[in-house]
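Here is a briefing on one predicted model. Read it with the sequence and the coordinates side by side.

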Amino acid sequence: MVDPADRAGQRPAPSLATIARVFARHANSTFGGGSATTAVLRRHLVDRHAWLDAAEFDLGYALSRLTPGTNLLAFCTAAGWTTRGWPGALIALLAASIPCSILAVAATVFYGELHASALFAAALRGALAAAVAIMLSTAWVFAEPHARSAPRKALAVAPAAAALSLGLHRSPVEILLLAALAGVAWPVPPRSPEPPGAEPR
């Protein structure tokens with residue numbers, strides 16, 4: 001990760017209150033899993049506010065996928081650290097975890113009543129169907145920049161990763177490590193930086 005001190009003057013440094021507001025809102029109100037939430041955060045951290053550039057986002061996301069525990073919280077911590085150092089990391093972690101933890105506790109308390117509700121069961125079936133579309137949309141958010149900059153590599157790596165997961169049942173860690181080796185063996189020119197504040201394409 002890039003030392004925040006080396007970024008001084010390069011891009012706007014958000015206040016800690018602004019970091020708390022962005023992470024509390026978007027890390028706790030987005031459904032579809034950690035990757036879907038991270039995709040929403042990308043639109044704000046990279047495209048809208050330009051707190052991170054695309055390379056910093058990609059590095060933080062890749063490292064978070066390799067870290068044990070909750071990948072979303074690992075990503076939020078990395079993003080907060082990149083923007084404002086240790087205070088930013090702590091604020092981003094707390095803002096992304098406390099509100100949803102309270103909701104999880106509340107859902108657990110009422111789980112027995114909800115589980116017996118036919119209306120709740122029907123709502124869950126609808127939510128699961130929508131989650132498929134959310135996952136596909138999320139996959140494209142992450143894949144689209146790489147498909148544009150290195151289409152041949154994307155067309156080779158993505159199907160290979162799917163085959164390893166679905167056909168050979170390899171673990172995510174093994175697939176990510178193999179993909180990392182492929183990235184070293186098959187380098188591509190770095191992407192040109194997007195102008196700060198550019199709208200997502």
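Two salt bridges are present in this predicted structure. A salt bridge is a side-chain nitrogen of Lys or Arg within 4 Å of a carboxyl oxygen of Asp or Glu. One of them joins Asp47 and Arg42. Another joins Glu174 and Arg170.

**Ground rules**
- This is a predicted model, in which local features need pLDDT of at least 70, side-chain atom pairs count only at pLDDT 80 or more, and totals for chains, interfaces and linings use all residues.
- Residues are numbered from 1 along each chain as its sequence is written, and side-chain values use heavy atoms, with hydrogens and water left out.

**Salt bridges**
- The side chains of Asp47 and Arg42 meet at 3.5 Å, N to O.
- Asp47 is buried, at 5% relative accessible area. Arg42 is buried too, at 6%.
- Buried means under 20% relative accessible area, exposed means over 50%, and partly exposed lies in between (1.4 Å probe, protein chains only).
- The side chains of Glu174 and Arg170 meet at 2.9 Å, N to O.
- Glu174 is partly exposed, with 34% relative accessibility. Arg170 is partly exposed as well, with 39%.

**Overall fold**
- The chain has eight helices and zero strands.
- Helices (H or I, at least four residues) and strands (E, at least two) are DSSP runs, numbered from the N terminus.
- From the N terminus on, the order of elements is α-α-α-α-α-α-α-α.
- The chain has 201 residues, and 27% of them are buried.
- Among contacts in the chain with a separation of 6 or more, 70% are between residues 24 or more positions apart. Contact means heavy atoms within 4.5 Å.
- Accessible areas come from the Shrake-Rupley method with a 1.4 Å probe; for residues, only the protein chains shown count as cover.

**Nonpolar core**
- The largest nonpolar core has 21 residues.
- A nonpolar core is a set of buried Ala, Val, Leu, Ile, Met, Phe, Trp, Tyr and Cys residues joined through side-chain atoms within 4.5 Å.
- Residues with the most contacts inside this core are Phe23, Leu41, Leu45, Phe57, Phe75, Cys76 and Ala79.
- Helices α1, α2, α3 (54-66), α4 (71-109) and α6 (118-149) each supply at least two residues of this core.
- Helix α4 gives the most to this core, with seven residues.
- Leaving out residues up to four places away in sequence, Phe75 touches Thr38, Leu41, Leu45, Phe57, Gly60, Tyr61 and Ser64.
- In soluble globular proteins, nonpolar side chains tend to be buried together.

**The histidine pair**
- His44 lies in helix α2 (residues 34-48), and His26 is in helix α1.
- Their side chains make a polar contact of 3.3 Å.
- A polar contact is a pair of N or O atoms within 3.5 Å; within protein, one must be able to donate a hydrogen and the other to accept it, and residues adjacent in sequence count only if both atoms are side-chain atoms.
- His44 is buried, with 10% relative accessibility. His26 is buried, with a relative accessible area of 11%.
- Not counting residues up to four places away in sequence, His44 touches Val22, His26, His49 and Ala50.
- With the exclusion of residues up to four places away in sequence, the neighbours of His26 are Thr37, Val40, Leu41 and His44.

**Ser15, ahead of α1**
- Ser15 sits in the segment before α1 (16-26).
- Ser15 is partly exposed, at 34% relative accessible area.
- A polar contact of 2.7 Å links the side chains of Ser15 and Thr18.
- Ser15 and Arg84 are 69 residues apart in sequence, yet 8.2 Å apart in space, C-alpha to C-alpha.

**Surface patch**
- Leu66, Val173, Leu176 and Leu177 form a nonpolar surface patch, with about 340 Å² of accessible area together.
- Patches are made of residues with over 30% relative accessible area and no salt bridge; like charges are joined within 9 Å, nonpolar side chains (Val, Leu, Ile, Met, Phe, Trp, Tyr) within 5 Å.
- Helix α8 (residues 172-185) supplies the largest share of the patch, three residues.
- Val173 is found in helix α8. Val173 is partly exposed, with 47% relative accessible area.
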